[in-house]
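Subject: Structure handover and notes

Hello,

Here is the structure you will be working with. My notes on it follow below.

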Amino acid sequence: MHDLGRKLLRYVSRGLGLESNRIEQSLEELHHSMLMNRYLPCPQPELVLALRSHTDLDVIPLLVNNGVPGLQVLKDGAWITVHSLPGAIVVTMGDQLEVMSNGKYKSPEHRTLANSDSTRYSIASFFEPPPAGLLIAPVPELVNAQDESHFQAVCYRDYLAIFFAKQASGKSVIT
Ligand SMILES: O=C(O)CCC(=O)C(=O)O
Ligand SMILES: [Fe+2]
């Protein structure tokens, strides 16, 4: 997963018209962590969410699950179900990439629905900047007269503190 995350970041860099190692270079180091979610069957799934709407705070989250559907992404105001394909890895974008790309990539709001039949498992791989004080800002090459900076530089440590203090949901931190 670590190698895949790095490889995808190189494609993302090139997609932005940058050198392939540019995003990783600005991050200095890429920290990888994994989070496992277990969603038990729920007798009244229509009354609750298994995981409330949020954006991921890292750079590039990779998601796998056990084939039980539930993940939804908000697009143009509507919740779209992400189909579970066996063995597929769902690649999304995190808040830090939205900032670094100066908004060219968006970190999508997503949530997980409960269901009454099956236990759902998912594993999220998060790739983060080093926790000690790196400033995250749009990559300078992506800021120019036509496209000024859409985000203020924020120290990643402060960003984490705001996120957890507000128990952030939706897109409340970077916007
Ligand atoms: O369970 C899923 O498919 C998504 C999990 C998720 O969004 C997260 O852990 O941040
Ligand atoms: Fe998430």
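Helices (H or I, at least four residues) and strands (E, at least two) in these notes are DSSP runs, numbered from the N terminus. This is a predicted model, in which local features need pLDDT of at least 70 and side-chain atom pairs count only at pLDDT 80 or more, while totals for chains, interfaces and linings use all residues. Residues are numbered from 1 along each chain as its sequence is written, chains are lettered from A and ligands numbered from 1 in the order in which they are written, and side-chain values use heavy atoms, with hydrogens and water left out.

Surface patch

Strand E1 (31–39) and strand E8 (120–128) each supply at least two residues of a nonpolar patch. The patch lies on the surface and consists of Met 1, Met 34, Met 36, Ile 89, Val 91, Tyr 121 and Ile 123, with about 590 Å² of accessible area together. Such patches are made of residues with over 30% relative accessible area and no salt bridge; like charges are joined within 9 Å, and nonpolar side chains (Val, Leu, Ile, Met, Phe, Trp, Tyr) within 5 Å. A salt bridge here is a side-chain nitrogen of Lys or Arg within 4 Å of a carboxyl oxygen of Asp or Glu. Areas come from the Shrake-Rupley method with a 1.4 Å probe, and for residues only the protein chains shown count as cover. Met 36 sits in strand E1 and counts as exposed because its relative accessibility is 54%; the cut-offs are under 20% for buried, over 50% for exposed, and partly exposed in between (1.4 Å probe, protein chains only).

Strand pairing

E1 also belongs to an open sheet of four strands in the order E1-E8-E3-E6, with antiparallel pairing. Its edge strands are E1 and strand E6 (90–91), each pairing on one side only. Two strands are taken to pair if DSSP finds at least two bridges between them. E1 and E8 run antiparallel and are joined by nine bridges, with Asn 37 opposite Ser 122 in E8.

Strand E4 (residues 71–75) pairs in the antiparallel sense with strand E7 (residues 110–113) over three bridges, and Gln 72 stands opposite Arg 111 in E7. E4 is also joined to strand E5 (residues 78–81) by four bridges, again antiparallel; there, Val 73 has Ile 80 as its bridge partner. The hairpin of E4 and E5 has two residues between the strands.

Loop residues

Asp 76, in the loop between E4 and E5, has a positive phi of about 50° although it is not a glycine. Asp 76 is exposed, with a relative accessible area of 74%. Glu 28 is not a glycine either, and has a positive phi of about 65°. Glu 28 lies in the loop between H2 and E1 and is exposed at 60% relative accessibility.

Nonpolar core

The largest nonpolar core has 26 residues, of which Leu 9, Ile 23, Leu 27, Ile 60, Leu 97 and Ile 136 touch the most other members. Helix H1 (2–15), helix H2 (22–27), helix H3 (95–100) and helix H4 (156–165) each supply at least two residues of this core, and H4 gives the most, with four. A core is a set of buried Ala, Val, Leu, Ile, Met, Phe, Trp, Tyr and Cys residues joined through side-chain atoms within 4.5 Å. Beyond its neighbours within four places in sequence, Leu 27 has contacts (heavy atoms within 4.5 Å) that include Leu 9, Val 59 and Met 100.

Regards
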